[in-house]
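Please look over the sequence and the three-dimensional model shown below.

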Amino acid sequence: MELSVLERKLAREKARRQKAEQLLEDKSRELYLSYQTLQESHDKLGEAMQEVKSQQRQLVQSEKMASLGTMSAGVAHEINNPLAFIFSNVNSLAHAIEQFGKYHQLVTEMVSADASDSRDQNAAELLKYIADADLDYLFEDCGDLISETSDGIQRVKNIVAGLQAFARSDTGQMEDLDVIESLTNTLKLANNQIKFTMKVVEDFQPIPQVSGFPGKLSQVFLNLIVNASQAMEEGELIIATRDLGDTVSISFTDNGSGMTEETVDSVFTPFFTTKPVGKGTGLGLSISHGIVAEHNGEISVTSEVGVGTCFTVVLPVNSQLQQAA
Ligand SMILES: Nc1ncnc2c1ncn2[C@@H]1O[C@H](COP(=O)(O)OP(=O)(O)O)[C@@H](O)[C@H]1O
Ligand SMILES: [Mg+2]
């Protein structure tokens, strides 16, 4: 009697244990399956992330290509213009050389003539030729043609240099750089271009060194200085350097024409210009923006029509130098 009770109890216990074991097995299978699903989702997520990253790279690339595309139309125009007058000047110079050739021939005939009669006759012919061909004017014109042509070549050179600076993002190594020295050198470069329109006030307070590409930063400064001088007939540009601790600021405040709000909104857009063809390419500020970004800095602008404009460049201080000090 007692035994059978025990046996039944045991059987019940066994059944319960089997059920529990079954449950455990089911649960662990379930767990295994969900682990697998999780693993799969994780792999898929990884793939998706790779995809997003590669699309992001493509986007950056295509944006660069797009701006290069927009740029090439303007650049073609900017280069064609000087090329057209370089071409016509070269033709005029060829014509002048022909005239001088004739002159040279007449002079040679004159000096090699034996009889003084024919020498006199040749001299009269020569004088007539000089007057008819207007050689005096031609001489003068040749000088103008040559200086105009080299100006045109310089313009093409500048455009190509600007384009190279825009297309190139990270060439060479950054250097420890003295901003005030760079500003002083740039002002020397710009002097010829700006001296008739603008007085420059150098409000230079001592600032720590930054690390950067000297040529590129000088290009930024040159752009800002030339833009200021082009915005006025007669005025003043104050260039101020300030130590802000972790950063330095370089501000360019002019009392030129100033800008409307719409112009301010577009100044950093490639090819935005309010200047006549030949004077502005609209590349200066967009390239400057790129260069400052490359230096982990910022460029900003405030402006008021009829009052003037202030561009401010903020650059991080060379942190290694700062730590060493
Ligand atoms: N200091 C300034 N004062 C007034 N307008 C300015 C100044 N700097 C830039 N701008 C405006 O921004 C435009 C774009 O400048 P930029 O990119 O240097 O091209 P560009 O000088 O060839 O026109 C100029 O055409 C002008 O309208
Ligand atoms: Mg400019």
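The text below leads from the chain as a whole to its sheet, its helices and some individual residues.

This is a predicted model, in which local features need pLDDT of at least 70 and side-chain atom pairs count only at pLDDT 80 or more, whereas totals for chains, interfaces and linings use all residues. Residues are numbered from 1 along each chain as its sequence is written, chains are lettered from A and ligands numbered from 1 in the order in which they are written, and side-chain values use heavy atoms, with hydrogens and water left out.

The chain contains eight helices and seven strands. Both kinds of element are DSSP runs numbered from the N terminus: helices are H or I runs of at least four residues, and strands are E runs of at least two. Of the 325 residues, 29% count as buried; buried means under 20% relative accessible area, exposed means over 50%, and partly exposed lies in between, with a 1.4 Å probe and protein chains only. Contact means heavy atoms within 4.5 Å. Among contacts between residues at least 6 apart in sequence, 74% join residues at least 24 apart.

Consider now the sheet. Five strands form an open sheet in the order β2-β4-β5-β7-β6, and their pairing is mixed; two strands pair if DSSP finds at least two bridges between them. Why is one side of β2 and of β6 left without a neighbour in the sheet? Strands β2 (198-204) and β6 (298-304) stand at the edges and have a single partner strand each, so one side of each has no neighbour there. From one strand to the next, the twist averages 15°. Within the sheet, β5 (residues 247-254) and β7 (residues 308-316) are joined in the antiparallel sense by eight bridges. Valine 248 has leucine 315 of β7 opposite it.

Glycine 235 is found in strand β4. This glycine is buried, with a relative accessible area of 18%. Although glycine 235 and aspartate 254 are 19 residues apart in sequence, their C-alpha atoms are 7.5 Å apart in space. When neighbours within four places in sequence are set aside, glycine 235 is in contact with Thr197, Met198, Lys199 and Asn255.

Helix α5 (residues 214-230) lies across β2, β4 (235-243), β5, β6 and β7, and runs at about 25° to β5. Axes are lines fitted to C-alpha atoms, for helices over the stretch in contact, and angles run from 0 to 180 degrees between N-to-C directions. Two packed helices are described by the angle and the distance between their axes. The axes of α5 and α7 (residues 284-294) come within 9 Å and cross at roughly 145°. The contact residues include Leu217, Val220 and Leu224 of α5 and Ile287, Ile291 and Val292 of α7. In α7, the residues Leu285, Ser286, Ile287, Ser288, Ile291 and Val292 are buried.

The aromatic rings come next. Rings of Phe, Tyr and Trp (its six-membered ring) pair if their centres lie within 6.5 Å; planes under 30 degrees apart count as stacked, over 60 as edge-to-face and the rest as tilted. By this rule there are three aromatic pairs. One of them is the stacked pair of phenylalanine 100 and phenylalanine 139, at 4.8 Å centre to centre and 25° between the planes. Phenylalanine 100 lies in helix α1 (residues 2-112) and phenylalanine 139 in helix α3 (residues 135-167), so the pair ties together parts that are 39 residues apart in sequence. Phenylalanine 100 is buried, at 19% relative accessible area. Phenylalanine 221 and phenylalanine 252 form a tilted pair, 6.0 Å centre to centre with 35° between the planes. This pair links distant parts of the chain, as phenylalanine 221 lies in helix α5 and phenylalanine 252 in strand β5, 31 residues apart. Phenylalanine 221 is buried at 0% relative accessible area, and phenylalanine 252 is buried at 2%.

Aspartate 134, in the loop between α2 (116-132) and α3, has a phi near 50°, a positive value in a residue other than glycine. Aspartate 134 counts as partly exposed, with 39% relative accessibility. Asparagine 296 has a positive phi of about 60° although it is not a glycine, and its place is in the loop between α7 and β6. At 65% relative accessibility, asparagine 296 counts as exposed.
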